[in-house]
Amino acid sequence: GGAAAVRAAPAFDGDGSGPSSSSLAGLVVIDVVEGTAMASLRHMRAVLDSVPSAFASEEDAVRWALASKACRSVEAARVSVPARLRPEGEACEGATPARDRSDESARSAANAQSLPPRRLVWRTDLGATEPHWEGWYRGLSDAFLRVRAPKVLVLAGADRLDRALTMASMQGRYQTVLLPGAGHAVHEDAADKVAGVLAGFLERYRLG
């Protein structure tokens, strides 16, 4: 998500003149930096292979997320994990053209009462995106620093900063916020603190 935001920013980050004047008020990136991401790519396939492909229930998936430390907040896991799952065999949302499905829905509901519950699988096949991984992250630091709008980078630890970002932070070209103790999903593990960071960012630059 952070890499996508950085790549999309130039389309909205004009020079303030003419029809392409800037509409980008600010850029917030959470725990994604080029150096760490590139170094982690060689391990990513093994990480994905260790993730269960299906779960018996939402609670089963939540328990896995907490045990694996994919998420460290019970409250956040119960919101974010189920949203990333779908019943096995169910088409992706929006795949069926709009039509009157009242009779079909009634039949499905009746049939569901006599069928065992279906397993839950991930909505998105992250492994299928592997050909794009390097392109997402290579050159990300420079792309982030080229954005003219106010920027804040929220990280779980200073070890995630690469040299380019460290130098730019010392020069005041963007704001760095460290939230030790959080995992990669900083906005879930430390939701209250991230909300405070965003509120402060908006106030500091008088945004919104």
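**View 1. The open antiparallel sheet, β2-β4-β3.** In this predicted model, three strands line up in the order β2-β4-β3 and pair in the antiparallel sense, giving an open sheet. Strands here are DSSP runs of E with at least two residues, helices are runs of H or I with at least four residues, and both are numbered from the N terminus; two strands count as paired if DSSP finds at least two bridges between them. β2 (54-55) and β3 (85-87) sit at the edges with a single partner strand each, so one side of each has no neighbour in the sheet. Zoom in on β2 and strand β4 (residues 120-122): two bridges hold this antiparallel pair, and Phe55 faces Leu120 in β4.

**View 2. The open parallel sheet, β1-β5-β6.** Another three strands make an open sheet, this time parallel and in the order β1-β5-β6. The edges belong to β1 (27-30) and β6 (175-178); each has a single partner strand, so one side of each goes without a neighbour in the sheet. From one strand to the next, the twist averages 15° (axes are lines fitted to C-alpha atoms, for helices over the stretch in contact, with angles from 0 to 180 degrees between N-to-C directions). β1 runs parallel to strand β5 (residues 151-155), joined by four bridges, with Val29 opposite Leu153 in β5.

**View 3. Helix α2 and its kink.** Helix α2 (residues 34-49) has 16 residues, which at 1.5 Å a residue should span 22 Å, and the 23 Å between its end C-alpha atoms agrees; the expected span is 1.5 Å times one less than the number of residues. Look for a kink of about 60° centred on Arg42, the bend being the angle between axes fitted to the seven residues ending there and the seven starting there.

**View 4. The buried residues of α2.** Glu34, Ala37, Leu41 and Leu48 are the buried residues of this helix (under 20% relative accessible area, 1.4 Å probe, protein chains only). Their cover includes α6 (133-137) and α7 (140-146).

**View 5. The whole chain, for context.** Zoomed out, the chain has ten helices and six strands, and 33% of its 208 residues are buried. Among contacts (heavy atoms within 4.5 Å) with a separation of 6 or more, 68% link residues 24 or more positions apart.

**Notes.** Residues are numbered from 1 along each chain as its sequence is written. Local features need pLDDT of at least 70 and side-chain atom pairs pLDDT 80 or more, while totals for chains, interfaces and linings use all residues; side-chain values use heavy atoms, leaving out hydrogens and water.

Terms used:
Buried < 20%, exposed > 50% of the residue type's maximum accessible area, 1.4 Å probe, protein only.
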